[in-house]
2 protein chains.
Amino acid sequence: MSTQAKATTSTGVAAASKHELNRFVLAESELPTAWYNVQADLPELPAPYLDAEGNPARPEQLAAIFPPDLIEQEMTTQRYIDIPGAVIDVLRTYRPGPLTRARMFEKALGLPGNVHIYYKYEGINASGSHKANTAIPQAYYNKKAGITKLTTETGAGQWGSALSMAGSQLGLDIEVFMVGVSYDQKPYRRIFMESFGAKIHRSPTRLTHAGRAVLEETPETLGSLAIAISEAVEIAAMSPDTNYSLGSVLNHVLLHQTIIGQEAIAQMELAEDEPDVVIGCCGGGSNFGGIAFPYYHRRLEGKTKARLLAVEPKACPSLTRGEYRYDFGDEAKMTPQMMMYTLGHDFVPAGIHAGGLRYHGDSPLVSKLYNLGEIEAVSVHQTDCFEAALAFGRAEALLPAPESSHAIAAAVAEARAAAEAGEKKTILFNLTGHGFLDLAAYDAYNKGTLQDYDFSAGAQAG
Amino acid sequence: MSTQAKATTSTGVAAASKHELNRFVLAESELPTAWYNVQADLPELPAPYLDAEGNPARPEQLAAIFPPDLIEQEMTTQRYIDIPGAVIDVLRTYRPGPLTRARMFEKALGLPGNVHIYYKYEGINASGSHKANTAIPQAYYNKKAGITKLTTETGAGQWGSALSMAGSQLGLDIEVFMVGVSYDQKPYRRIFMESFGAKIHRSPTRLTHAGRAVLEETPETLGSLAIAISEAVEIAAMSPDTNYSLGSVLNHVLLHQTIIGQEAIAQMELAEDEPDVVIGCCGGGSNFGGIAFPYYHRRLEGKTKARLLAVEPKACPSLTRGEYRYDFGDEAKMTPQMMMYTLGHDFVPAGIHAGGLRYHGDSPLVSKLYNLGEIEAVSVHQTDCFEAALAFGRAEALLPAPESSHAIAAAVAEARAAAEAGEKKTILFNLTGHGFLDLAAYDAYNKGTLQDYDFSAGAQAG
């Protein structure tokens with residue numbers, strides 16, 4: 001019996017530990033204490049929301065479904081909004097989040113030493129994505145306003161999961177209208193939400209006028225996000241104790257996500273590196289705004305020249321192929337009209353697996369900055385995304401969500417372009433969530449049955 | 001339009017930020033650089049393994065399926081074994097791991113201020129459990145020995161997932177024999193492993209003598225862990241380029257897990273708190289040994305009086321109801337005989353959801369310490385575990401694995417006992433993994449269809 005493990009020496013350990021830090025960690029006390037509001041720094045204010053009559057919407061028109069604090073946050077031009085202490089207490093259950101230099105991925109891609117890839121990871125919290133960052137303050141402000149229940153819709157399930165989790169943490173009832181076909185196909189998402197105490201309905205239901213109308217006309221309908229939104233809003237508008245909650249697009253949602261970019265800036269400073277390009281996938285725009293807006297501010301301060309790159313699916317390319325005009329946020333025209341890049345509120349994109357990116361329009365704030373030429377956009381096919389996601393995941397020991405994989409694909413393209421041109425480049429992307437509940441999509445990719453779709457594969461619902 | 005968000009003030013933020021730290025974070029450079037080997041500190045050496053003839057097994061008898069470094073680690077009494085730099089590089093993709101004061105959970109339980117609960121979380125890495133901590137060094141040492149492929153078995157899927165991930169990170173082929181019934185019921189686990197490049201077989205297969213023999217006798221068999229082990233070992237023993245890899249029980253596996261306890265000690269020092277009890281769920285014993293052994297050493301140093309508490313399912317209570325004697329590690333008697341607490345190698349526990357705890361015996365090292373009275377053990381029912389897991393998960397924004405939930409249930413019992421007795425108590429438990437791929441079990445609990453089983457509900461396979 002040997003008493004020596006000769007194969008392992010202190011030297012090997014020291015060699016690995018000396019220079020190659022991967023993760024840049026913030027102390028809990030370094031969690032941002034205020035959100036950054038990009039509205040303070042826009043060269044011109046975004047166009048106002050329009051009500052049903054085509055007049056600028058007034059705050060009180062939103063009060064039937066949103067609490068006063070969120071309506072204020074929707075419209076304020078104050079640059080920093082303090083995060084309430086009670087919200088920080090809950091955010092701290094998973095924040096500050098990790099920022100990592102993807103050295104194993106760089107090696108797998110065969111990149112030269114002057115091309116660096118970093119990623120910020122938002123999949124740590126139980127609900128599994130960045131959506132928790134806004135679910136928690138939305139639950140808090142509603143509770144503060146005396147609301148006891150929030151309604152919402154969910155398709156892919158990340159948003160419903162986040163709001164269910166926030167409700168259980170802050171003591172609010174959550175009622176989720178889940179698109180019928182998703183309810184049938186994604187039982188794990190339903191179980192997750194139920195496990196966190198939420199009530200889940202297969203939409204359409206007989207609980208609402210909107211749901212009953214649809215069921216009378218088409219009893220076998222699989223449902224749609226538009227119908228689910230209509231049901232959730234109707235329930236919220238009916239009761240003074242109940243409000244509605246939205247997971248992307250609106251100004252206050254993007255505001256809440258800016259802690260991502262603020263943390264990233266502090267962590268990239270720890271890494272003594274500065275991104276040349278900051279990348280986020282882009283559906284409604286909340287994670288992209290969350291990581292990009294603080295860098296936009298940093299650019300105004302003259303501290304960075306980072307390009308800001310939104311990545312959308314080729315099946316739903318609202319920035320790269322849409323029009324910049326007033327449009328409704330939902331197919332049923334229940335929301336105010338917003339000035340945004342849109343494929344038309346009745347556009348139904350092809351059934352790609354990144355359900356969170358299948359939205360016809362873009363956040364008014366992201367749209368405004370894109371229109372001003374302050375941010376860039378690119379679109380990618382889903383097979384390229386899954387290929388990039390698996391190469392990344394195998395190297396870095398992660399399983400990315402299909403949405404997040406769009407940012408990875410763009411990061412790979414940026415890295416390869418720099419390597420070919422012999423240029424130094426530092427790339428930062430936002431990895432919005434994990435893919436544990438999206439494994440069916442990976443199965444399709446592994447089996448080679450995944451299809452790519454272009455914009456033209458979509459349809460107009462109307 | 002307001003430019004002030006009056007509801008949120010700096011005061012609230014400061015009040016929350018001042019005293020109530022939750023997470024105790026180690027810098028990447030503080031990752032332990034050596035494993036702690038409890039064999040150095042045992043009052044007497046564990047009884048040797050016995051070969052098929054009943055003689056003490058010699059190292060060379062293990063060489064057909066294990067590489068030299070791991071055989072040395074199995075037998076050495078050196079107190080610290082340096083972790084190779086290349087292993088540290090990979091461990092750093094997810095370590096050091098978080099240690100958290102579960103303040104929200106304490107509040108939900110209504111505990112007095114002098115009862116503290118901390119948890120160490122091992123579910124961050126993509127494979128989702130502590131098993132990665134040994135999969136990575138096992139892959140490394142095998143690759144170093146010129147091995148190109150590892151075989152293993154998996155039931156619940158955590159171990160197969162961990163080895164698949166480690167294989168993809170270190171460049172080894174992985175072949176997993178997955179118990180037939182699990183292969184059918186847990187497609188997400190299969191897809192996960194395939195996504196990380198592993199080859200998955202539904203066991204029994206026609207690739208091995210063992211598999212063919214079973215299929216000829218019972219063509220419709222659902223398989224078993226015992227058969228899957230036999231197939232994996234047979235394939236490994238046949239080829240000089242292929243070895244076999246085991247995820248628990250053996251000394252070198254527990255050695256690799258001691259980074260959990262070492263990190264926890266450093267993090268509890270940051271928290272300026274010392275556990276009165278350290279809790280881990282216990283199947284084969286690797287996560288329990290991982291968190292408990294470094295505390296055993298700390299007790300020998302006189303720095304702590306922490307009790308060490310192993311938690312097992314009432315359906316499979318090997319420590320609390322088993323005998324301490326020589327027994328085989330597998331039903332097919334292919335392993336050496338080990339001195340351990342056992343319910344008999346042919347004991348088939350009832351079908352609880354914590355598949356990772358359905359093992360008839362316990363690690364020889366854990367068994368030795370239990371026999372010496374140095375550690376304690378308790379058994380719990382699964383409905384109590386799921387109840388505790390959901391109370392914890394809702395408060396702390398996590399979804400625990402069914403295995404981990406056993407540690408939570410014991411932590412709750414310890415906390416309540418202290419609160420009732422009016423005693424000060426600090427509790428630390430190991431949360432071994434996430435439950436995203438176990439949501440069917442939560443569904444059963446939510447629906448009230450989950451059953452409890454006692455030891456007597458198990459059977460002898462004969």
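Visitor: Which runs count as strands, and when do two strands pair?

Guide: Strands are DSSP runs of E, at least two residues long, numbered from the N terminus; two of them pair if DSSP finds at least two bridges between them. In this predicted model, local features need pLDDT of at least 70, side-chain atom pairs count only at pLDDT 80 or more, and totals for chains, interfaces and linings use all residues. Residues are numbered from 1 along each chain as its sequence is written, chains are lettered from A in the order in which they are written, and side-chain values use heavy atoms, leaving out hydrogens and water. Here, strand 12 (residues 323–328) of chain B runs antiparallel to strand 13 of chain B, joined by 6 bridges. B:Glu323 stands opposite B:Thr342 in strand 13 of chain B.

Visitor: Why is strand 13 of chain B largely enclosed?

Guide: Buried means under 20% relative accessible area (1.4 Å probe, protein chains only). Strand 13 (residues 337–342) of chain B has 5 of its 6 residues buried, so the rest of the structure largely encloses it.

Visitor: How many residues of chain B are in contact with chain A?

Guide: Contact means heavy atoms within 4.5 Å. By that rule 75 residues of chain B touch 75 residues of chain A.

Visitor: How many salt bridges cross the interface of chain B and chain A?

Guide: A salt bridge is a side-chain nitrogen of Lys or Arg within 4 Å of a carboxyl oxygen of Asp or Glu. The rule finds 2 across this interface. B:Arg190 and A:Asp443 form a salt bridge through their side chains, at 3.4 Å from N to O.

Methods. Buried < 20%, exposed > 50% of the residue type's maximum accessible area, 1.4 Å probe, protein only. Helix = DSSP H or I, 4+ residues; strand = E, 2+ residues; numbered from the N terminus.
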